[in-house]
Structures are given as C-alpha cells and as structure tokens.
Amino acid sequence: MNKLLKIRELSPCVKEYVIDAPEVAENARPGQFIILIVDEEGERVPFTICDYDREKGTVTILVQTIGATAMKLAAKKEGEYIHDFVGPLGLPTDLSEYNKILLVGGGVGSAVIYPQSKELAAKCKADIIVGARNKELLIYTDKFAEQAENLYIMTDDGSAGEKGFVTTKLKELVESGRKYDAVFAVGPLMMMKAVCDLTKQYNLKTIVSMNSVMVDGTGMCGCCRLTVFGETKYACVNGPEFDGHGVDFDEAINRSKYYRDIESEHVCRLTGGKR
C-alpha cells in the first residue's frame, strides 16, 4: 500500500500525484515507469515517472483522467492509499553522449521530458519546446523556464507563446542555424511521427518515448508491440525509448486506435453509457 501525499490538478483532466514510495524513488531514473494498481480488484497500468525525490522518498506521476483506472484514481483523496506501486521499470534515458540537446514535449508528454530537463540542467542545459492545443493544457512551463537554456512555448490557437505546432518551432530553429546533437521528443503518436519526419530530413538523431502504447507493462499483453528498423520490439521491455527514425509510426497509430476503441467501450459500460 502506498499513500497519496499530494494531488494537484494541472489542467482539465490531468492530475499530478505525489506518492510515498521510498524504494522506487531510491532507484528511479529519467525515462522509467511504474506499475500502479488502485485497489484489490484493479487492473495493472503503467505510468511514466515524472519526478522523484530520493530524500523525501516520493515519486510523482501525471495521469490523464481517461479510462477506467484513471477514473478510479481520480476519485481518491490526499491521505488515502493505492494498492500497489511497483518500479522503476523500463530502460532509463541515456543522453550522456550528446552535448547539445533539444527536448520536445507535446500535451501530457511535456511531463515526461521534465526529469530529463531537470537532470540536464545540472550539466548542460537543453533547449526545450513545449506545445499544447491551448494555454490551459500547458504543463510545467514554470519549471521548464528555470531549467532550459531557451524555452519555446507553442499553442495551436496562440493563447500562449507562439501560435503553431512544436514542429513549426523545431523547423525554425534548425533552419536558423541552431545546432543540436539530438532531439528527445515525447507526446501523442502523431506529434512524434511529425517530429521524426522533420528531423529525418536534417539527419538529426531523434529519440522518442513510446510509453503511450503500453498497457500491462510486462510485454505479456503484446499491446506495446512495435516495429523498429524492421524488428519487433516491446515498448515496456525494450524501451520505452527508441530511435524515432526506426519506428513504424503508421503501424503503431493503427494499432493504438484498436485498443483505444476497446477502452472506450469499457469506460462506457462503467459509466452507464457516458463516454
């Protein structure tokens, strides 16, 4: 049993949970994830670690309140407990061979690049692009402002930062002569595909996190199966991070639609017909 120490709503349908988990915090590294089970009858669901404090023994995750487990978790209050919180799992991010890095986060994916930005801030600050549909959906921009060499905020409707997509700013930076050793991008599949399609034109190394396609976190369910450079990989076992130029995004996007439809039907049953 793990205690929910703090719950904070960051944007509509997105909550931040700070959880008492000293053993996980002691071993956590950027890029890894945990398995969470809300109650005795709950399903096991993976969530990426967004922050950790080894001294306090806490781990922070962000959860979009979509799906049965997320809805159960959202009903919990500070001081209550969840049944299981296991980790860290997955391979940690390794950006040690790069000197100039561009971090790109889209939507909730912005929270996933936070541990990397925090770690890099102590060594070689990265440039950071964060994007969302509108101002209300932006996450952690105040923290990124403290850690980034340069922070660029993009919104689809122009309600904050500049109007446009993260790829708009990425293209502008590269074509203006800004040099990067690598791009690390996390966000919706379509966003990461667009980033990779663009960086491939410039032969710019791009790493993506495929955490969004994971389901049970062990590789047994097969939902996170990917094709990377023609080989079958599993996001939760072999990743969740991969060379973005090798990922078959079209396959991943098509498969994710199938599982999203199943989840939608499950939620519909739990809520009495309300999706």
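**Figure 1. The end of helix α7 and residue N203 in the predicted model.** In this predicted model, helix α7 is followed by N203, a residue whose phi is positive, near 55°. N203 is placed in the loop that runs between α7 and β13 (206-209). The residue is not a glycine, yet its phi has this positive value. Most residues other than glycine have a negative phi. With a relative accessible area of 71%, N203 is exposed, because exposed residues are those over 50%. Helix α7 itself has 13 residues, and the distance from its first C-alpha to its last is 19 Å, close to the 18 Å expected at 1.5 Å a residue. The buried residues in α7 are L189, M191, M192, V195, C196, L198 and T199.

**Figure 2. The largest nonpolar core and the contacts of F249.** The largest nonpolar core holds 33 residues. Which of its residues touch the most other members? They are L102, V104, I129, V195, V208, M210 and F249. Helix α7 (residues 189-201) supplies the largest share of this core, six residues. In soluble globular proteins, nonpolar side chains tend to be buried together. When residues up to four places away in sequence are not counted, F249 touches L189, M192, K193, C196, V208, M210 and G244. Another core, of 24 residues, lies apart from this one, and among its members are L62, V112, A182 and F184.

**Figure 3. Residue Q116 and the largest cavity.** By the rule applied here, the model has one cavity of 30 Å³ or more. The space in the largest cavity is about 40 Å³. Its lining is made by P30, T93, L95, Q116, E119 and L120. Sorted by class, the lining has three nonpolar, two polar and one charged residues. Q116, one of the lining residues, is placed in helix α4 (residues 114-121). Is Q116 buried or exposed? Q116 counts as buried because its relative accessibility is 2%, and buried means under 20%. Leaving aside neighbours within four places in sequence, Q116 is in contact with P30, G31, T93, L95, L103, F184 and E241.

**Figure 4. The second largest pocket and its lining.** The residues that line it are K6, E16, V18, D51, Y52, D53, K56, T58, T60, K118, Y140 and K143. The elements that give two or more residues to this lining are β2 (14-20), β4 (45-53) and β5 (58-64). Which element gives the largest share of the lining? Strand β4 does, with three residues. By class, the lining of the second largest pocket divides into three nonpolar, two polar and seven charged residues.

**Figure 5. Residue R8 in strand β1.** R8 is found in strand β1 (residues 2-11). Apart from neighbours within four places in sequence, R8 is in contact with V14, K15, E16, Y140 and K143. Of these contacts, E16, Y140 and K143 are also among the residues that line the second largest pocket. R8 and E78 are 70 residues apart along the chain, and their C-alpha atoms are separated by 9.5 Å.

Figure 6. T227 is placed in strand β14. Leaving aside neighbours within four places in sequence, T227 is in contact with G246, V247, D248 and E251. The C-alpha atoms of T227 and V208 are separated by 14 Å, and the two residues are 19 residues apart along the chain. F229 lies in the loop between β14 (225-228) and β15 (231-234). Although F229 is not a glycine, its phi is positive, about 50°. At 57% relative accessibility, F229 counts as exposed, because the limit is over 50%.

Figure 7. Is the peptide bond from G87 to P88 cis or trans? This bond is cis, with omega near 0°. Most peptide bonds are trans. P88 is found in strand β7 (residues 84-89).

Terms used
Residues are numbered from 1 along each chain as its sequence is written. This is a predicted model: local features need pLDDT of at least 70, side-chain atom pairs count only at pLDDT 80 or more; totals for chains, interfaces and linings use all residues. Side-chain values use heavy atoms; hydrogens and water are left out. A nonpolar core is a set of buried Ala, Val, Leu, Ile, Met, Phe, Trp, Tyr and Cys residues joined through side-chain atoms within 4.5 Å. Buried means under 20% relative accessible area, exposed over 50%, partly exposed in between (1.4 Å probe, protein chains only). Helices (H or I, at least four residues) and strands (E, at least two) are DSSP runs, numbered from the N terminus. Contact means heavy atoms within 4.5 Å. On a 1 Å grid over the protein atoms alone, a cavity is a set of points where a 1.4 Å probe fits but cannot get out, and a pocket is an open set with protein on both sides within 12 Å along at least five of seven lines; lining residues have an atom within 4 Å of a point. Ala, Val, Leu, Ile, Met, Phe, Trp, Tyr, Cys and Pro count as nonpolar, Asp, Glu, Lys and Arg as charged, and the others, Gly among them, as polar. Grid points are joined across faces, edges and corners, and a volume is the space filled by probe spheres set on the points. The expected span of a helix is 1.5 Å times one less than its number of residues.
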